[in-house]
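Subject: Model for your files

Hello,

Here is the structure I said I would pass on. My notes on what was found in it follow below.

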Amino acid sequence: MLFHAAPYPTLNQHRADKVVLLPLGAIEQHGPHLSVSTDTDIVTQLAQQAEAQLPDTVLLCPTLPVGSSHHHLAFGGTLSLRPELYTQVVVDLVSSLVEAGFERIVLLNGHGGNITPVRQALALLSHRFDRTNSPLIALATYWELGGKAFAGEAPMESPALSHACEYETSLMLHLFPEKVWMDRVERARRPAPNGYVGWEDDEPYRGVTVFKQTEFISSNGSSGEPQKGTADKGKHLFETALNALTEFLSAFSKWHTSEWVNK
């Protein structure tokens with residue numbers, strides 16, 4: 001581990017051949033039935049299990065627990081960094097790793113609101129370091145790595161992961177059942193389907209993006225069909241995501257780029 005228990009690794013031990021894994025979470029309201037730590041809890045467990053399976057490949061950073069969650073601020077319990085500040089936080093943290101000599105860094109994301117500011121951070125980091133250190137820095141969002149398992153494939157009954165939905169509820173029932181209150185589950189009132197924008201990720205992307213604060217598209221801060229969540233579904237989702245993550249990390253540790261570029 002990079003920071004948890006082991007001494008800090010020297011550069012000649014780990015600079016070139018290790019993947020630094022930095023989990024990105026969020027603290028935000030997840031409907032009336034899930035803990036505000038849901039995103040951080042799930043992504044941290046995935047990262048820790050990946051490190052356990054790949055101890056010679058992965059160096060694990062502590063999870064960055066707060067994300068970019070301004071769209072959830074109307075619902076109590078949410079902590080957020082504004083997107084432009086979150087971008088700069090990620091730039092500074094990753095820059096610290098690059099300047100320490102690490103060459104392969106994966107940002108493991110557990111919250112949808114982090115994706116856009118982290119992509120902006122990647123662009124800034126590329127501009128800063130490609131012609132000097134030339135590190136490989138990747139953003140990997142766990143449900144996107146998980147593929148069809150997170151997009152309506154059996155045993156899941158709703159079309160895709162959204163927020164405090166069947167998917168996240170199932171994962172938390174599997175990982176942290178003490179942080180789930182199924183007796184409080186309530187299907188939120190949502191805008192009517194329109195054929196273009198998937199308020200609950202139930203419409204395919206057709207080139208149209210609309211961004212609304214959560215209180216305008218959910219009556220209670222949740223989405224999807226949380227009442228359909230089960231621990232068995234969560235186990236299936238977690239194992240699928242973990243397998244996809246370890247497969248990616250193993251491959252990423254062997255990537256090479258641009259040896260022909262004059263630095």
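Axes here are lines fitted to C-alpha atoms, for helices over the stretch in contact, and angles run from 0 to 180 degrees between N-to-C directions. Helices (H or I, at least four residues) and strands (E, at least two) are DSSP runs, numbered from the N terminus. This is a predicted model, in which local features need pLDDT of at least 70 and side-chain atom pairs count only at pLDDT 80 or more, while totals for chains, interfaces and linings use all residues. Residues are numbered from 1 along each chain as its sequence is written, and side-chain values use heavy atoms, with hydrogens and water left out.

Helix pair

The axes of helix H3 (residues 83–99) and helix H4 (residues 115–129) come within 8 Å and cross at roughly 40 degrees. H3 and H4 are therefore oblique to each other; angles under 35 degrees count as roughly parallel, over 145 as roughly antiparallel, 65 to 115 as roughly perpendicular and the rest as oblique. The crossing of H3 and H4 is right-handed, that is, the near helix is turned clockwise from the far one by less than a right angle. On the H3 side the contact (heavy atoms within 4.5 Å) involves residues including Tyr86, Val90, Val94 and Glu99, and on the H4 side residues including Val118, Ala121, Leu125 and Arg128. The residues of this contact divide into 12 nonpolar, three polar and two charged. Ala, Val, Leu, Ile, Met, Phe, Trp, Tyr, Cys and Pro count as nonpolar, Asp, Glu, Lys and Arg as charged, and the others, Gly among them, as polar.

Threonine 169 lies in helix H6 (residues 166–175) and is buried, at a relative accessible area of 0%. Buried means under 20% relative accessible area, exposed over 50%, and partly exposed in between (1.4 Å probe, protein chains only). The side chain of threonine 169 reaches the backbone oxygen of cysteine 165 at 2.7 Å. Beyond its neighbours within four places in sequence, threonine 169 has contacts that include His33, Ala164, Val180 and Pro226. Valine 180 is 11 residues from threonine 169 in sequence and 7.4 Å away in space, C-alpha to C-alpha.

Alanine 164 is in the loop between H5 and H6 and is also buried, at 0%. Its phi is near 55 degrees, a positive value in a residue other than glycine.

Other backbone points

Most residues other than glycine have a negative phi, and most peptide bonds are trans. Serine 134, in the loop between H4 and strand S4 (136–141), has a positive phi of about 50 degrees. The peptide bond from alanine 154 to proline 155 is cis, with omega near 15 degrees, and proline 155 sits in the loop between helix H5 (142–145) and H6.

Loop between S2 and H3

Serine 69 is placed in this loop and counts as buried at 0% relative accessibility. Its side chain makes a polar contact with the side chain of histidine 111 (3.3 Å). A polar contact is a pair of N or O atoms within 3.5 Å; within protein, one must be able to donate a hydrogen and the other to accept it, and residues adjacent in sequence count only if both atoms are side-chain atoms. Threonine 63 is found in the loop between S2 and H3, and its side chain makes a polar contact with that of threonine 44 at 2.7 Å.

Regards
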